[in-house]
Amino acid sequence: METAVSNTPPKRFTITLDDDLMISPIIARTTGIPSLVFTTGEALLKKASSLEPVAAFIDVHLGLNLSGLDVIPHLRSIWKYTPIVIITGDDNADIIGDALAAGANDFIRKPIQPAELQGRLQARLAEMNQLRYQDEVVFGDLVFSKASGEVRYRDKRVYLPKLEAKLFMILLENREMIVTKESLKRRVWGELTIAGNTLDKRISKLRSFISEVGAPLRVEADYGKGVCLKAEKEDDEANRKNKIKGAG
Amino acid sequence: MENAAIDETIITSLKQLEIPGEPVPFLDELIHIFLTDASLSSRNLSTAYTQKDWPNVNRWAHKLKGQARNLGANRLSDVCSNLEILASQTEKANADALIQASEDELKAAITALRGYLRTS
């Protein structure tokens, strides 16, 4: 059985290869983006070259046919920069070693702990993006230069200060997904103790910079969960431009 | 103190993924999946055991173990782990008792999980 993969998958999604139907909903809830589920390795391999997931979560044990271990090398050859995280209920360290040697980036044990999954995924995304993007990160018409902090959107550009640039990079890597405030603080400021509203102030400044170049992005804060960088839909962008025109 | 059928910390972490106001609470959705799928795994496990089909005993015990772990049914998970080991050994002396234990622990897990449901 496989999930019906529509002709147009969602813009940002993960893939779950697991015949345990509880896993993909847990992954989708934890990351905040849909997870397309496949229950056999064969079904996933048929579709893999037409999909560009943010990450793939692969169960090591998959019943009688192709195991997760068998599938990983093929996926790695198709998805060079996609984090592949294995899911295992196995206490056998050899299985984990074999999966990592086959091309997986990380592993997570059942029961899935949402905070652990988020942390591992963000770390692997950061690593793979480091490999994928030497300097510029391109997202539609937006180009972000990591070295200079320049954000270019069509004919406009703005330079982000260092901390806002770090914040933007993390949110861009994890766009459409929730990043907790604790994670942001740790990754931007490290071990430094910062005042309670420092992050909120930086987020507010980042919003101003994004607005200045007119990029169709918005930083949403869910006070219970974290922060998320979302692409605006076309009608949202039109409404925003109309508001700006009306204000002018 | 005897282990409870369900590890409350797992339930708590899953509840934190719920979205306020959603028509079916996320935890309920997972429990409903478990009620269907774990029962099927258990039936398949019993069938495999009756047929002394040890590779499938291993397979279904492993599957039921994972399903149990997702929702903190650790006692059931532990029994399934022992069944996996048994399936790969030559000596099968405890097999009957372990199969019975898996059925008993599944019932206990189902009873406990039904207590967390907020929708029918």
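How many residue pairs are in polar contact across the interface of domain 1 of chain A and domain 2 of chain A? The rule finds 2, both residues of each pair at pLDDT 80 or more. A polar contact is a pair of N or O atoms within 3.5 Å; within protein, one must be able to donate a hydrogen and the other to accept it, and residues adjacent in sequence count only if both atoms are side-chain atoms.

1. **Ground rules.** This is a predicted model: local features need pLDDT of at least 70, side-chain atom pairs count only at pLDDT 80 or more, and totals for chains, interfaces and linings use all residues. Residues are numbered from 1 along each chain as its sequence is written, chains are lettered from A and ligands numbered from 1 in the order in which they are written, and side-chain values use heavy atoms, with hydrogens and water left out.

2. **Two domains in chain A.** Chain A splits into domain 1 (14-130) and domain 2 (133-247). These bounds come from an automatic or database domain assignment. The C-alpha centres of the two domains lie 28 Å apart. Each domain of chain A gives 11 residues to the contact, where contact means heavy atoms within 4.5 Å.

3. **What the domains bury.** Domain 1 and domain 2 of chain A bury about 1,000 Å² between them, 46% of it on carbon and sulfur atoms. Buried area is the accessible area (1.4 Å probe) that two parts lose on being put together, summed over both. Gln118(A), Gln122(A) and Asn129(A) supply 50% of what domain 1 buries against domain 2, more than any other three residues.

4. **Charge between the domains.** The count of salt bridges between domain 1 and domain 2 of chain A is 0. A salt bridge needs a side-chain nitrogen of Lys or Arg within 4 Å of a carboxyl oxygen of Asp or Glu. Helix H5 (residues 114-132) of chain A gives the most to the domain 1 side, with 7 residues. Helices (H or I, at least four residues) and strands (E, at least two) are DSSP runs, numbered from the N terminus. The domain 1 side divides into 5 nonpolar, 6 polar and no charged residues. Here Ala, Val, Leu, Ile, Met, Phe, Trp, Tyr, Cys and Pro count as nonpolar, Asp, Glu, Lys and Arg as charged, and the others, Gly among them, as polar.

5. **Chain A against chain B.** This contact takes 20 residues from chain A and 24 residues from chain B. The two chains bury about 1,900 Å² between them, 60% of it on carbon and sulfur atoms. Met22(A), Arg29(A) and Pro111(A) supply 34% of the area on the chain A side, more than any other three residues.

6. **Polar links between the chains.** The rule finds 2 salt bridges across this interface. One of them joins the side chains of Lys63(B) and Asp19(A) (3.8 Å, N to O). There are also 6 residue pairs in polar contact. Helix H1 (residues 23-31) of chain A gives the most to the chain A side, with 5 residues. That side divides into 8 nonpolar, 5 polar and 7 charged residues.

7. **One residue to check.** Arg69(B) is found in helix H3 (residues 54-70) of chain B. Is Arg69(B) buried or exposed? It counts as buried because its relative accessibility is 13%. Buried means under 20% relative accessible area, exposed over 50%, partly exposed in between (1.4 Å probe, protein chains only). Beyond neighbours within four places in sequence, Arg69(B) is in contact with residues including Asp91(A), Pro111(A) and Ser77(B).

8. **Chain B overall.** Chain B has 5 helices and 0 strands. Buried residues make up 52% of its 120 residues.
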